[in-house]
Amino acid sequence: MKHGTRDSAYPLPPKLFDARCRSCWLMAAIMVLVVASFASLDLPWAQLAERSALAKMGRFMAELLQPAWGTDFVLQVASAALETLAMSALGTLLAVLLGLTLALPASQRGKHRLFWRTCAGLLLNGLRSTPELVWGAMLLIAVGLGPFAGTLALALHTSGVLGRLFAQALENAPPESAFVLRLRGVGALRVFAYATLPQILPQLISYSLYRWENNIRAAAVLGIVGAGGLGQLLAFHMGLFQMRETSTVLLAMLLLVAGVDALSYLLRLRLSR
Amino acid sequence: MANNAPNLTSAPGRLNPSLRDPVALHRIFWVLTAVMLLWPALVLTEFKPWLLLEPGALTPAMRFVADFFPPRMDAEFAAFLLRETWRTVAIATAGLSLALLLAVPLALLSVRVLSVSGLSGRMARWPARARQSARWLLLILRSVPELVWALVFVRVVGLGPAAGVLAIALTYGGMLGKVYADILESGDPHVSTCLLRNGCGRMQTFFYGLLPQEAAELTSYTVYRWECAIRSSAVLGFVGAGGLGQQLDTSLKMFNGAEVASILLVFMALVWMADRMSAALRRGLA
């Protein structure tokens, strides 16, 4: 038996590209996509590697490492942080209410409800696919600059996400207790309130807390388009190239996000005990 | 005669005290606490929903929404939108490729399973510190929101797709690196410890021990992140990084509802297609 043949004890490793293997073609397609992306974007590699660009980056980074510590400025940043926190909390709360309202028709089963289920599903998908930033930019037209636009933007986007998750939770809830109440003639809304909702409530709260973690990041970033809070302060100081103040705001953002993550984790831990 | 059954009919419409809600006081307390926490939140966010209905706000908003209904779909604009969509996908793909260049070395640097000194109990001091600093670098890279990176890069390299590519590369490099490290550490360590103990180099251990086990999960996560990167690159356009987002920003500032409607529709179609492609790729590759 020669080495490297099919029957030998030392077969060669498989070929790198085998025309019969589907994933080889997929990998080749991905390589073509990557090369085409770099080629079509025409990135200014020469300019990026140029000394002046690197020196500018280095200067930015150096300034970013020295935050400004003046008392009034820190108080201003703290009040902006509170505004961002309020924006995210209120936005998530509104999203829970709206999401639950939309999840009820979106999760019904039964032929005569197909129309409402499709409508609710489409509405939830539309709310969910539009990023918060886009909602924020559109709502600024209606309500002007300020945190109200940011709150509504977060509420609308998150209600799409939460509505879909709530609808899935409603569909997966065990139906026995609801069935028993229905048999006794209790109305549909009361059946939901007394039988289904208490069963799925821990899961709903867990989803909402997880979305709150995401929303605090989104709230910080929404301010950049004018929705108030830390983002607006960040865009303002960065626009004036005041890198030291910018780094204080960035630090506040990181601390706020870490704080909300920790709080949400603790609450979810307490819930699941 | 002792009457042990609860007396429900002692007074019509009034329950016997033994049937009242025992946690009523508890619930009232928590509701009041929630209202007390809600009030400052409402004040801080300037939550005035009646402002939406004021004529000065309602009329332009209604006019803007009414403009949505014939979305602008002439051939020139459609071709333009297709080009911008390709740019968005290209920014996401290029950014994710650069992110891979950043994530793979950092992930390999930060895993415990490739540690020779860790084979026999506690890792030595300097290798442990090197791994810890790789993890801290990944944490910093993924904690800064990508919009912030994009804002900084727009000021360094100017408006255009380069800022978006670099912003996605840094943020997604951090995210991918951390998850790669988690996936590599969660596999069965038996193979890698055997190879390391028998004298294999770390790269050999990675390629022959860790990668074959975890390749499916790694590819699946990377393809999922590619889909997320497409959504992010559309949003990054808002700060000037090119693609659909920049066009949306321009059309919004000019209050051109028809163009905004077409861009939103194209964006939703893009997200849906990316979702389908990512599901197909994950089935095909993993």
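Is R217(A) buried, partly exposed or exposed? With a relative accessibility of 34%, R217(A) counts as partly exposed (buried is under 20% relative accessible area, exposed over 50%, partly exposed in between, with a 1.4 Å probe and protein chains only). The model is predicted, so local features need pLDDT of at least 70 and side-chain atom pairs count only at pLDDT 80 or more, while totals for chains, interfaces and linings use all residues. Residues are numbered from 1 along each chain as its sequence is written, chains are lettered from A and ligands numbered from 1 in the order in which they are written, and side-chain values use heavy atoms, without hydrogens and water.

R217(A) forms a salt bridge with D261(A), at 3.1 Å from N to O (a salt bridge is a side-chain nitrogen of Lys or Arg within 4 Å of a carboxyl oxygen of Asp or Glu). The two residues are 44 apart and link distant parts of the chain, D261(A) lying in helix 11 (residues 243-272) and R217(A) in helix 9 (residues 188-222) of chain A. Helices are DSSP runs of H or I with at least four residues, numbered from the N terminus. D261(A) is partly exposed at 21% relative accessibility. Over all chains the count is 8 salt bridges.

In chain B, K178(B) and D182(B) form a salt bridge with their closest N and O atoms 3.1 Å apart. Both residues belong to helix 6 of chain B and stand 4 residues apart, so about one helical turn separates them. K178(B) is partly exposed at 33%, as is D182(B) at 41%. Helix 6 itself (residues 161-186) has 26 residues and spans 36 Å from first to last C-alpha, close to the 38 Å expected at 1.5 Å a residue (1.5 Å times one less than the number of residues). Of these 26 residues, 20 are buried, so the helix is largely enclosed by the rest of the structure.

Between chains B and A, 52 residues of chain B are in contact with 54 of chain A (heavy atoms within 4.5 Å). The two chains bury about 4,600 Å² between them, 87% of it on carbon and sulfur atoms (the accessible area, 1.4 Å probe, lost by two parts on being put together, summed over both). T45(B), R155(B) and V156(B) supply 13% of the area that chain B buries against chain A, more than any other three residues. Across this interface the rule finds 0 salt bridges.
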